[in-house]
Amino acid sequence: MDSIRITGGKRLEGKIPISGAKNSALTLLPCALLTDEKLTLGNLPRLADVDNFSHLLNQLGVSTSVAGVKKGEVGRKMTLEAKEIASTVAPYDMVRKMRASILVLGPMLARAGESTVSLPGGCAIGDRPIDLHLKALEAMGAEIELAAGYVKATAPKGRLPGGDFSFPVVSVGATENAVMAAVLATGRTQLFNAAREPEIVDLCNLLVAMGAKIEGIGSSHLIIDGVEGLHGCNYEVMPDRIEAGSYACAAGITGGSIELVGARPHDMLAITNGLAAAGLAIEFTDAGMKVSAHQPLRPLAISTAPYPGFPTDMQAQFMAMLSVADGQSFLEETIFENRYMHVPELRRMGADIEVHGRSAIVKGGLPLTGAQVMATDLRASMSLVLAGLAAEGDTEVLRVYHLDRGYERLEEKLSAVGATIERVSAG
Ligand SMILES: CC(=O)N[C@H]1[C@@H](OP(=O)(O)OP(=O)(O)OC[C@H]2O[C@@H](n3ccc(=O)[nH]c3=O)[C@H](O)[C@@H]2O)O[C@H](CO)[C@@H](O)[C@@H]1O
Ligand SMILES: C=C(OP(=O)(O)O)C(=O)O
């Protein structure tokens, strides 16, 4: 298995191009199921999750073709065409590789009148049930059956009538599935307490470009009037705010200065507020934004929350950065019950972090030292890369496949700003 080797202690300076957002790509790709016309998505990140998703779509009968990318160009362009749905079953061997596979449930049901998807099961960061996806679809008229580890959703009259649903807990994925199912319903759907993440705005904008009728985009009350059919279009995936935030933390932890080219600061206010409170200077530039650190960093108190709150997907990276701050930080993880698995590994690198239930106390200021470390999820892995960039000596981050799910050309981007980092192939 490949690993990432880092020799720490370099101040990072320069520009990093920000890729298309993983979490946006993973909800835009299944929209191809909603039309028999061609959908072309540009700025798609080159990530394992995107490849896996397109393989899943291929199994369902969607043809995919990727346009050549010129050297130095970020992202790629994929054209997807679902002339017919060949199969309405998303099998376990695909879903277990990638939880986001559940996002084919809503659009396949809307287009084909039925959809069978393997239950994703839990994952390293928590149980992650899909009850709200199912309840929302039921409220819109779907019949749901669970058997042999699969969920089967059916629209009794071929198309869903639509209906109202209020989410008891804000869920990004359940909102996405409900929106994708509602756009081809025969009637109106209203979603209350819907997630408002920028990736959901991106999804709604794509659907509107395909001919959907959606009001309230960007708010927690979405009103969707179903239409007879959707058409194809060309659409660009939004920039990845979590990737941008992660590289901002790389500037913070190394006392460096990085311009995040292509980042969209207005989608990242909770992140930039956190960076500024930690003492980083933030400058909006024509190309994106530039973050510059003046160490020592200040400690913070952060609690994760649905958008526009502080994203859970940035908690691990901030924790790594705050381990070098001058004082004690408090973090609270409110979204996932098991999202501190980077803590024991950060401790092995010299960080002083205590966890009490969903809270963590980071006593900053101790020197970090390189070590062989591994993590069980994507953002935890990134926190170890960040710690490695600041640590004295060599760090080897194992299980690189987690990073490959969400960071396009990580070593290349960090090397370009002065990091000593390489991928070591296990051969
Ligand atoms: C591919 C993608 O976009 N992944 C993101 C998405 O995950 P995902 O869509 O899985 O996360 P959700 O927003 O659904 O989860 C939020 C909370 O709701 C709970 N829940 C969710 C669904 C459900 O049916 N029942 C239920 O109880 C979850 O266990 C969790 O505690 O949003 C998360 C929260 O911002 C991010 O960390 C992930 O990076
Ligand atoms: C938790 C994440 O992703 P996923 O929902 O795809 O597991 C993430 O991007 O941090």
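This is a predicted model: local features need pLDDT of at least 70, side-chain atom pairs count only at pLDDT 80 or more; totals for chains, interfaces and linings use all residues.
The protein chain is divided into two domains. Domain 1 is built from two segments, residues 3-19 and 239-424, whereas domain 2 comprises residues 22-236. The C-alpha centres of domain 1 and domain 2 are separated by 30 Å. Contact between the domains involves 20 residues of domain 1 and 17 residues of domain 2. On the side of domain 1 that touches domain 2, the greatest contribution comes from helix α13 (residues 401-406), which supplies 4 residues. That side of domain 1 consists of 7 nonpolar, 4 polar and 9 charged residues.

For ligand 1, residues of the shell are given by domain 1 (3-19 + 239-424) and by domain 2 (22-236), so ligand 1 lies between them. The shell around ligand 1 holds 21 residues, of which Asn-23, Leu-132, Ser-171, Val-172 and Gly-173 come nearest. Helices α1 (22-28), α5 and α6 each provide at least two residues of this shell. By residue class, the shell around ligand 1 contains 11 nonpolar, 6 polar and 4 charged residues.

The surroundings of ligand 2 are formed by Asn-23, Arg-99, Ala-100, Asp-313, Leu-378, Arg-379 and Gly-406. Domain 1 (3-19 + 239-424) and domain 2 (22-236) each contribute at least three residues to the shell around ligand 2. This shell divides into 2 nonpolar, 2 polar and 3 charged residues. Asn-23 is named among the residues that come nearest to ligand 1 and also among those that surround ligand 2.

Helix α6 (residues 172-182) packs against helix α5 (residues 131-139), with axes that come within 8 Å and cross at roughly 25 degrees. At this angle α5 is therefore roughly parallel to α6. The contact draws on Leu-132, His-133, Ala-136 and Leu-137 of α5, together with Gly-173, Ala-174, Asn-177, Ala-178 and Ala-181 of α6. Of the residues in the contact of α5 with α6, 6 are nonpolar, 3 are polar and none is charged. The crossing of α5 over α6 is right-handed. Leu-132 of α5 and Gly-173 of α6 take part in this contact and are also listed among the residues that come nearest to ligand 1.

Helix α6 has a further partner in helix α4 (residues 105-112); the axes of α4 and α6 come within 7 Å and cross at roughly 15 degrees. The two helices are therefore roughly parallel to each other, and α4 passes α6 in a right-handed crossing. The residues in contact are Leu-105, Gly-106, Pro-107, Leu-109 and Ala-110 of α4 and Asn-177, Ala-178, Met-180 and Ala-181 of α6. This contact of α4 with α6 comprises 7 nonpolar residues, 2 polar residues and no charged residues.

Another helix pair is formed by α8 (residues 241-254) and α12 (residues 378-390), whose axes come within 9 Å and cross at roughly 25 degrees. The angle makes α8 roughly parallel to α12. The crossing of α8 with α12 is right-handed. From α8 the contact includes Ser-246, Cys-249, Ala-250, Ile-253 and Thr-254, and from α12 it includes Met-382, Leu-386, Leu-389 and Ala-390. The residues of the contact of α8 with α12 divide into 7 nonpolar and 2 polar, with no charged residue.

Two local features of the backbone were also identified. Most residues other than glycine have a negative phi, and most peptide bonds are trans. Tyr-307 and Pro-308 are joined by a cis peptide bond, with omega about 10 degrees. Pro-308 is located in the loop between β18 (301-303) and α10 (315-322). Asn-43, a residue other than glycine, has a positive phi near 60 degrees. Asn-43 belongs to strand β3 (residues 38-44).

Definitions and conventions
Residues are numbered from 1 along each chain as its sequence is written. Chains are lettered from A and ligands numbered from 1 in the order in which they are written. Domain bounds come from an automatic or database domain assignment. Two residues are in contact if their C-beta atoms, placed from the backbone, lie within 7 Å. Ala, Val, Leu, Ile, Met, Phe, Trp, Tyr, Cys and Pro count as nonpolar, Asp, Glu, Lys and Arg as charged, and the others, Gly among them, as polar. A residue is near a molecule or strand if its C-beta atom, placed from the backbone, lies within 6 Å of it. Axes are lines fitted to C-alpha atoms, for helices over the stretch in contact, and angles run from 0 to 180 degrees between N-to-C directions. Angles under 35 degrees count as roughly parallel, over 145 as roughly antiparallel, 65 to 115 as roughly perpendicular and the rest as oblique. A crossing is left-handed if the near helix is turned anticlockwise from the far one by less than a right angle, and right-handed if clockwise.
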